[in-house]
Amino acid sequence: MAFELPELPYAYDALEPIISKRTLEFHHDKHHAAYVNNLNNLIKGTEFEQADIIDIIMKSDGGIFNNAAQVWNHTFYFDQFGKDRAKQPKGQLAEAINATYGSFEEFKEKFTTAAKTLFGSGWAWLVKKTNGSLDIVQTSNAENPLKEGLIPILTCDVWEHAYYLDYQNKRPDYLGNFWDILDWDIISGRY
Ligand code: MN
């Protein structure tokens, strides 16, 4: 069964001015869609034709892995946003962030540094380890923490296509504003 591009869970202009309608039109309708189409073409006639996306991520490599991981990463990224949503982590995630980083503010600084210093294209992640503790990790290109046995909680896409139309080369400005559109009800529910 072919994979389908999930619709954005909000309007294209819902994240303005932090992420513009134009950026979402390209990022979702062109980039995310291309990963879905590429994946569907690449898995035809392979052992992955009927597999679910996590199975493909865990077991594939090369072009199939790159496109499957990018499909999953983008769905995970787009799902965590909303305007005027919960601004702070809740419950067990809030406790884990305070226990690991001292405060939400300290966590934000460390995560921002990871996203800022990632060289080239990739993703910054807050992940949960199997023992429940938290970590911040960087991955290059399509790489994804699932393959390392880590559970993704929050991600930031730092491929230039995520911010270039709105911020050009100013990745730190995108990262500074990123916090204002996160929905911490959704993110806290992932812990
Ligand atoms: Mn992207």
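A salt bridge here is a side-chain nitrogen of Lys or Arg within 4 Å of a carboxyl oxygen of Asp or Glu, and the whole structure holds 6 of them. This is a predicted model, in which local features need pLDDT of at least 70 and side-chain atom pairs count only at pLDDT 80 or more, while totals for chains, interfaces and linings use all residues. Residues are numbered from 1 along each chain as its sequence is written, and side-chain values use heavy atoms, with hydrogens and water left out.

**Manganese site**

- The manganese ion has His27 (NE2), His74 (NE2), Asp157 (OD) and His161 (NE2) as its protein donors, at 1.9 to 2.1 Å; donors are N, O and S atoms within 2.8 Å of the metal (3.2 Å for Na, K and Ca), and water is not among the atoms, so sites may look incomplete.
- Along the sequence, these donor residues follow the spacing H-x46-H-x82-D-x3-H.
- His27 in helix α1 (residues 21-43) and His74 in helix α3 (residues 62-79) are 47 residues apart and link distant parts of the chain; helices are DSSP runs (H or I, at least four residues), numbered from the N terminus.
- His27 and His74 are both buried, meaning under 20% relative accessible area, with exposed over 50% and partly exposed in between (1.4 Å probe, protein chains only).

**Two domains**

- The domain assignment, whose bounds come from an automatic or database source, gives domain 1 (21-78) and domain 2 (91-190).
- Between them, domain 1 and domain 2 bury about 1800 Å², 63% of it on carbon and sulfur atoms; buried area is the accessible area (1.4 Å probe) that two parts lose on being put together, summed over both.
- Thr23, Phe76 and Tyr77 supply 36% of the area that domain 1 buries against domain 2, more than any other three residues.
- There are 0 salt bridges between domain 1 and domain 2.

**Salt bridges to look at**

- Glu25 and Lys21 pair through their side chains at 3.0 Å, N to O, and these two residues sit 4 residues apart in helix α1, about one helical turn.
- Glu25 is partly exposed at 28% relative accessible area, and Lys21 is partly exposed at 38%.
- Asp55 and Lys59 form another salt bridge, with their closest N and O atoms 3.6 Å apart; both lie in helix α2, about one turn apart.
- Asp185 meets Lys90 in a salt bridge at 2.6 Å, N to O, linking helix α8 (residues 184-189) with the loop between α3 and α4 (91-101), 95 residues apart.
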